[in-house]
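Please keep the sequence and the model in view while reading.

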Amino acid sequence: MAAGERVGRLPVAAEIALASAAGAGAFATAAVAFADIDSVIVAAFLGAAFLLAVIAIARFASVAYAVPVGMAGLLAFDWFYLAPTHPLEFPDSANLVDLIIYLAGAVLLGVLSAHAVERAAAAERARGEIADEQAALRRVATLVARGVAAGELFAAVATEAGTLLDVHGIRIARYEDDTELVHVAEWSEPGHDPPSSYDRAGLEGMNVSAEVLGTGRAVRIDNYQDIVVRARSARVSDLKSVVGAPVVVEGRVWGVMIAWSMSGLLPGDTERRLTDFAGLVATAISNTDARTELIASRARLVAASDEARRRFERDLHDGIQQRLVSLALELNLAEAVAPRENAELAARLGHVRQGLTGALDDLRELSRGIHPAILSEGGLVPALKALARRSPVPVELRLSVGERLADQVEVGTYYVVSEALTNAAKHARASNVEVTAHVRDGRLQLTIGDDGVGGADPARGSGLTGLADRVSALGGTIAITSQPGKGTSLRVELPIVSQ
Ligand SMILES: Nc1ncnc2c1ncn2[C@@H]1O[C@H](COP(=O)(O)OP(=O)(O)OP(=O)(O)O)[C@@H](O)[C@H]1O
Ligand SMILES: [Mg+2]
């Protein structure tokens, strides 16, 4: 924190008095120095020493003193050294008035110059601060846009704000049930441990967090020592100045960002600057919420469509399939009672029975395709083997999945392989497809590669896009590599949940 380094300016009256005294002193000193000199070299040497003194005063004290000192020195040189010279004595009243007017002019010029210099320096500092602030906000905004994990982002915001602002520490906390504060992230200046620490804390008593929650606005408390604070540690009384800014998410005060100083008062613009950082925290939370909601809604969609498939399969099995089976039985009866001499009728009935058996087979096949029974009964390995057997393109399988995986992971994997094999047969003109699946570090790693024509483009159909949706709903990743002429390969990683 730079607060202790700030040099306070004197009040203007005191500055004028000091500058006048410095001017008068310089005149008297120069008068004594120049009065009895008869060597030009000594005069030049003295003049140079005086100039150096003026430069040093301007550099290390203020232009407000350097100007009257310099001008008073020049005046003394003219008065006592250059002809016509004046006697070295206290000036008479007419000369004294002249000298005072001259000195007053010099003091005025000095004070005005000092203020101009200071304003220019302040403007330069402010420009630098704004640039630093913009850069820090941009860095945080980039993290928000990249969607980094919430914990990492909050820590980065606290560090950026703490490094940029004139503070000893920054804390981000969120409100729970409007009665408690839960610690989220913190930064403190090296050598200045935070005055209190907590994972959870109540909000009773007079404190910035309770005030921010109550008002929904940035709040400052500069007299921490004077008010009764529910001291979470004795060092709370070390606080001199505290500012809190609300983190507002969708109109609700989600949390608070707090800055504190343990020596001077926090600068007047701390509320505004802290509020800017709190705004980025709010955006990050909204983004994360939206992403989580999106993933959850995709997962719900996939689960709902899997469920619909299962119901449809049941309906087929219990409904139409049963009716066809009983029709086949009736047909057997009809065949049995049909007169043997009517060969044509027997042939027609035989033909119908054949068609009926075929329809039943088709129906069984269809319902298996909708939801593979082999998958729920035997697991991924036999189900993938069945897919490979059915594929018109030869498939090489390398599977090391020893355990049963969660239902949704097995179903997801099955559909990825099924769609990839169908695509290879439909589009790739491939001679071979290789499928590998193994579990490593809690993830199922799946690849399906064909040696076909390549050039797959998810925009041209719905299959690959559907796979990407399914995989992301399961919290996994999918990468499709398919350069023209170089085959197509799908790499999928899914977090597994063992059953
Ligand atoms: N293995 C592959 N080799 C070559 N081209 C492919 C391959 N897989 C997909 N493609 C190309 O990418 C396009 C998109 O594939 P996608 O699976 O999304 O849709 P589709 O197979 O055409 O239709 P469906 O919605 O029935 O899956 C295909 O139309 C095809 O042109
Ligand atoms: Mg397809």
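**The ligand site and the helix packing**

Ligand 1 is surrounded by 20 residues, and the closest are Asn423, Ala428, Ala456, Gly461 and Gly463; a residue counts as near the ligand if its C-beta atom, placed from the backbone, lies within 6 Å of it. The model is a predicted one, in which local features need pLDDT of at least 70 and side-chain atom pairs count only at pLDDT 80 or more, while totals for chains, interfaces and linings use all residues. Residues are numbered from 1 along each chain as its sequence is written, and chains are lettered from A and ligands numbered from 1 in the order in which they are written.

Two helices, H12 (407-428) and H13 (463-473), each supply at least two residues of the shell around ligand 1. Helices are DSSP runs (H or I, at least four residues), numbered from the N terminus. With 5 residues, H12 gives the largest share of this shell. By class, the shell holds 6 nonpolar, 10 polar and 4 charged residues, where Ala, Val, Leu, Ile, Met, Phe, Trp, Tyr, Cys and Pro count as nonpolar, Asp, Glu, Lys and Arg as charged, and the others, Gly among them, as polar.

How do these two helices lie against each other? The axes of H12 and H13 come within 10 Å and cross at roughly 165°; axes are lines fitted to C-alpha atoms, for helices over the stretch in contact, and angles run from 0 to 180 degrees between N-to-C directions. H12 and H13 are therefore roughly antiparallel to each other, given that angles under 35 degrees count as roughly parallel, over 145 as roughly antiparallel, 65 to 115 as roughly perpendicular and the rest as oblique. Gly412, Tyr415, Val416, Glu419 and Asn423 of H12 meet Gly463, Leu467, Arg470 and Val471 of H13, with contact defined by C-beta atoms, placed from the backbone, that lie within 7 Å. These contact residues comprise 4 nonpolar, 3 polar and 2 charged.

Another packing involves helix H3 (residues 63-80) and helix H4 (residues 93-146), whose axes come within 7 Å and cross at roughly 150°. H3 and H4 are therefore roughly antiparallel to each other. Their contact includes Val63, Met71 and Leu75 of H3 and Tyr102, Leu109 and Val117 of H4. By class, this contact has 17 nonpolar, 2 polar and no charged residues.

H4 also packs with helix H1 (residues 12-35), at an angle of about 130° and with the axes 9 Å apart. H1 and H4 are therefore oblique to each other. The contact is made by Glu15, Ile16, Ala19, Ser20, Gly23 and Ala24 of H1 and by Leu103, Ala106, Val107, Gly110 and Val111 of H4. Its residues divide into 7 nonpolar, 3 polar and 1 charged.

Terms used:
Two residues are in contact if their C-beta atoms, placed from the backbone, lie within 7 Å.
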